[in-house]
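Open your viewer and get ready to click.

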Amino acid sequence: MRTLHLARIRGIDLYLHWSWWLVALIEIEARAGAYHFVGWNVLEYLTLFAIVTVHEFGHALACRQVGGTANRIMLWPLGGIAFVDPPPRPGAMLWSIAAGPLVNVALAPILYVWAAWWSSTAWAMTHPDAIAFASAVQFINIGLLVFNLIPVYPLDGGQILRSLLWYPLGRARSLMASTIIGFVGVAALGGLALWTRDWWLGIIDVFILTSCWSGLKSARRMWQIAKLPRRPGLTCPACGTPPPMANLWRCARPACAAAFDAFAHAVCPACGMGVGRVTCPECGIGSEPRAWAGATVPGPVVNLDPAPAGHLADRS
């Protein structure tokens with residue numbers, strides 16, 4: 001995937017996907033009649049992605065604030081993706097996701113006052129394109145806010161709903177419930193795309209469908225892990241969850257990759273490679289087996305990861 005590295009801001013790398021340029025030409029041409037001079041169309045499209053960028057930085061900085069990892073943002077035709085990995089707590093996830101729409105909420109009165117000021121000056125008569133641009137920017141910001149708050153996974157609204165459901169339902173069931181609701185939204189959005197014959201809306205619908213399917217598979221795996229018997233006397237030093245008694249971990253040697261229980265074997269039973277850092281299937285944090293409340297598995301430090309259940313990636 002070809003990308004252009006735009007900047008590094010506060011340790012967060014900002015990238016632009018190659019397809020952005022192609023869609024930019026299509027969208028600018030589609031909006032050619034909105035202004036008298038095409039330069040305003042270009043400025044409008046750039047402003048759209050400036051708002052998206054600020055929105056994504058809201059997600060990333062909030063995630064860091066609660067102790068999570070966020071070091072990359074990708075801008076592409078469907079908006080932006082902040083690759084955020086908050087701690088596995090509902091409150092941490094809720095804040096990481098809600099911070100993005102809150103950026104748009106904060107921008108709304110600022111853009112309104114700015115547009116009202118322009119309309120009250122002589123520019124309203126001498127520069128109609130500038131007034132039209134100010135109105136379009138307001139609409140873009142509100143449109144992004146409303147669309148992102150639709151409770152359909154993986155949009156912000158769907159992930160906020162998942163965070164709220166996490167409290168009564170738990171991690172796995174909340175993800176499963178939000179993805180099922182997401183499939184209902186996919187059906188409704190797909191019907192709207194067919195009715196309006198909007199191919200762009202159809203592309204968004206396909207993207208949401210694939211994300212819902214991926215989320216559902218992750219939820220099923222989380223649920224399967226949650227039902228496994230737990231090993232007594234051991235707890236993850238990061239989240240306090242006992243490790244499952246199952247062959248969830250894979251050997252770190254690429255030529256082997258055998259699955260086995262990291263707490264039942266001092267070395268990989270297939271190739272003899274030593275066990276080192278073991279990733280918790282609940283929180284995703286790796287620790288040496290000795291740190292799991294008394295485990296005494298020897299061996300060199302080797303990352304031993306379970307099959308991933310999927311990290312959070314915000315889509316806007």
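Select Leu 75 first. Which residues is Leu 75 in contact with, leaving aside its neighbours within four places in sequence? They are Leu 6, Leu 14, Tyr 15, Leu 16, His 17, Phe 49, Val 52, Thr 53 and Gly 80. Keep in mind that this is a predicted model.

Together with Leu 75, they have the most contacts inside the largest nonpolar core. That core has 32 residues. In general, nonpolar side chains tend to be buried together in soluble globular proteins.

Next, colour the elements that build this core. Strands S2 (12–17), S3 (69–76) and S4 (79–85) each supply at least two of its residues. So do helices H1 (19–30), H2 (38–65), H3 (90–120) and H5 (128–148).

Move on to Trp 76, Leu 78, Ile 81 and Ala 172. They are among the 18 residues of another core, which lies apart from the largest one.

Zoom out to the whole protein. How many helices and strands are there? Count eight helices and nine strands. The C-alpha trace spans about 80 × 40 × 35 Å along its principal axes. Of the 316 residues, 46% count as buried. Look at contacts with a separation of 6 or more: residues 24 or more positions apart account for 58% of them.

Then colour by charge. You will find 22 positive and 15 negative side chains. The centres of the two sets lie 13 Å apart.

Notes:
Residues numbered from 1 in each chain as written. Predicted model: local features only at pLDDT ≥ 70, side-chain atom pairs only at ≥ 80, totals over all residues. Heavy atoms only, no water. Helix = DSSP H or I, 4+ residues; strand = E, 2+ residues; numbered from the N terminus. Buried < 20%, exposed > 50% of the residue type's maximum accessible area, 1.4 Å probe, protein only. Contact = heavy atoms within 4.5 Å. Lys, Arg positive; Asp, Glu negative; His and termini not counted. Charge placed at Lys NZ, Arg CZ, Asp CG, Glu CD. Core = buried A, V, L, I, M, F, W, Y, C linked by side-chain atoms within 4.5 Å.
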